[in-house]
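This report goes through selected features of one protein chain, with the sequence and the 3D structure alongside.

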Amino acid sequence: MKERLFIRLGVQLKDPIDWCVMGNDGVTVVDTGRLGGVHDLLQLAEPAKSRQIVCMVPGTEMLMTSVNFPIKQRRQIRKALPFMLEEQLVENIDDCHFALPAKITDDKVPVVVVNHRKMQSWMELFEAAQIEPDYLVPDCLSLPLPQKCWSALCYDDIVLARTSEHSAWACEQDMFAPMMQLHLQKQADALEAAKDGSEENDSDEDEMLDGVDATQDMLVYGNQPHLIETLQEMGVNVEVIDVEVPITVLAESFKPDSVNLLQSQYTLKQDYMETVRLFKPAAIVASVFLALHFVSLTIESMHLKQQYTANKALAFKSYKEVFPKARRVKANGDRIMKSELRKHTSGNSSKGFFHLLQDVYPGFKSSRGEVKPSALVYDKEKSEMRLDINAANIQTLESFKEFVIEKGYEAKLANVSQRDQSYRGRLTLKGQ
């Protein structure tokens, strides 16, 4: 896993911006800092290049709620959401952005609603700072969620609170008491409704209460005497955990499958950048492979052209040796050679020139290079071929002569002489 850079925006442009870098294990805090405001956001452009970016935005700027929707009709939920929440919204539904969590497991669907103008303003801030977020999440939904316990964090003059996996809220400190009282009452009503349902259906009460928070315990991060006193007056059991840097609490408990606001029209750029990140290494490898393949084909083509030229020259040279009286061979080589081929492969002669070559060639091949021809003369009138051949010893020359005799030819080996480390002789063969 890559390192993550967490950035938390304030409500106002002038509000401080906290940031921290978490290590590959998601637990180790690599670095932390605080910027004076959005005008300093460009300072994070360089650290952001090599890391995954998680941007946390104020929970006070959005509505976090839920709707009941049959899980079998989940494909239609995005179309139905605006109309299902219309009565809860002060703004026109066309002005609102609706975001869902990555995974939805039951009929109660969590939804985060935020104004399009606010979304666009956040995206413009990051674009100006040359930062491309991978996640844009409500800050309060990143609070830790202890089992059967609520959690709260006082962030400057804002209180963040979380009551379940997808349920959280944020408010100013002087509004915390009435907001907390409201949520406690909702919890009590839900518990009472669950009890009534269990009695009516004559079923197991524990099963009916599953998923309903029946506790009034709260874990508070940071020593905030006023906040703690308010909770205790409401009868809430409070446990306090000291915190030096508040954003590290949010970063350590961040879950990628939480609600990411980068959905619908806000995913286009994000999806494109993610696709580039995924396929860029493969594209580079493919480009290098294609370039090398093109170079290889070019070299092979040049080699084949050179080989063709050499073979053509060798063919004309051999033709001149066989037919020394031929004229204008280069100008009419193909036509003349085809004509001579017809002459020497037709008629009543027992063995023509090309038949002789066809019979003798396997002997050279089977010798694996031990017998090599150095000159060839064909006498058409006598139907006789004279071959000058080289070998490492006389026995090899004799073996080649025996091979020719076995093919049905009269063969005579003469003028055998030694030169350097090899023997040379003239083999005269004639068809019977």
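## A kinked helix

Helix H10 has a kink of about 25° at Val 360, shortly before the proline Pro 362. The model is a predicted one. H10 covers residues 353-366, which is 14 residues. From its first C-alpha to its last the helix reaches 21 Å, close to the 20 Å expected at 1.5 Å a residue.

Val 360, where the kink lies, is one of the buried residues of H10. Phe 353, Leu 356, Asp 359, Gly 363 and Phe 364 in this helix are buried as well. Just after H10, Arg 368 has a positive phi of about 55°.

## Aromatic pairs and a charge over a ring

How many aromatic pairs does a search of the whole structure find? The search finds five. One of them joins Phe 364 and Phe 400, and this pair is tilted, with 4.8 Å centre to centre and 40° between the planes. The pair links distant parts of the chain, since Phe 364 is in helix H10 and Phe 400 is in helix H11 (residues 394-406), 36 residues apart. Both Phe 364 and Phe 400 are buried.

Phe 6, Tyr 135 and Phe 254 are linked into a cluster by ring pairs. A ring also takes part in a contact of another kind: the charged end of Arg 8 sits over the ring of Tyr 155, 3.9 Å from its centre.

Is Cys 55 buried or exposed? Cys 55 counts as buried because its relative accessibility is 0%, under the 20% limit for that class. Ile 53, at 2% relative accessibility, also counts as buried.

Which residues does Cys 55 touch, apart from those up to four places away in sequence? They are Ile 7, Phe 126, Pro 133, Tyr 135, Leu 136 and Val 137. Cys 55 and Phe 126 are 71 residues apart along the chain, and their C-alpha atoms are separated by 9.3 Å. Ile 53 and Leu 5 are 48 residues apart in sequence and 5.0 Å apart in space, C-alpha to C-alpha.

Gln 263 lies in the loop between helix H7 (246-252) and helix H8 (268-322). Gln 263 counts as buried because its relative accessibility is 8%. Leaving aside its neighbours within four places in sequence, Gln 263 is in contact with Arg 78, His 97, Phe 98, Ala 99 and Leu 100.

Gly 36 is in another loop, between strand E3 (29-35) and helix H1 (45-48). At 41% relative accessibility, Gly 36 counts as partly exposed. Beyond residues up to four places away in sequence, Gly 36 touches Lys 14, Asp 15 and Pro 16. The C-alpha atoms of Gly 36 and Pro 16 are 4.8 Å apart, although 20 residues separate the two along the chain.

Asp 156 is not a glycine, yet its phi is positive, at about 55°. The residue is found in the loop between strand E9 (150-155) and strand E10 (158-162). Asp 156 is partly exposed, with a relative accessible area of 43%.

Asn 415, likewise not a glycine, has a positive phi of about 55°. Asn 415 is found in strand E16 (residues 409-419). Its relative accessible area is 61%, so Asn 415 is exposed.

## The chain as a whole

The chain has eleven helices and 17 strands. Of its 432 residues, 38% are buried. Among contacts with a separation of 6 or more, 55% are between residues 24 or more positions apart. The accessible surface comes to about 26000 Å², and carbon and sulfur atoms account for 51% of it.

Conventions
Residues numbered from 1 in each chain as written. Predicted model: local features only at pLDDT ≥ 70, side-chain atom pairs only at ≥ 80, totals over all residues. Heavy atoms only, no water. Helix = DSSP H or I, 4+ residues; strand = E, 2+ residues; numbered from the N terminus. Expected span 1.5 Å × (residues − 1). Bend = angle between axes of the 7 residues up to and from the residue. Buried < 20%, exposed > 50% of the residue type's maximum accessible area, 1.4 Å probe, protein only. Contact = heavy atoms within 4.5 Å. Areas by Shrake-Rupley, 256 points an atom, 1.4 Å probe, with all protein chains shown as cover. Phe/Tyr/Trp six-rings, centres within 6.5 Å; stacked < 30°, edge-to-face > 60°. Lys NZ or Arg CZ within 6 Å of the ring centre and 35° of its normal.
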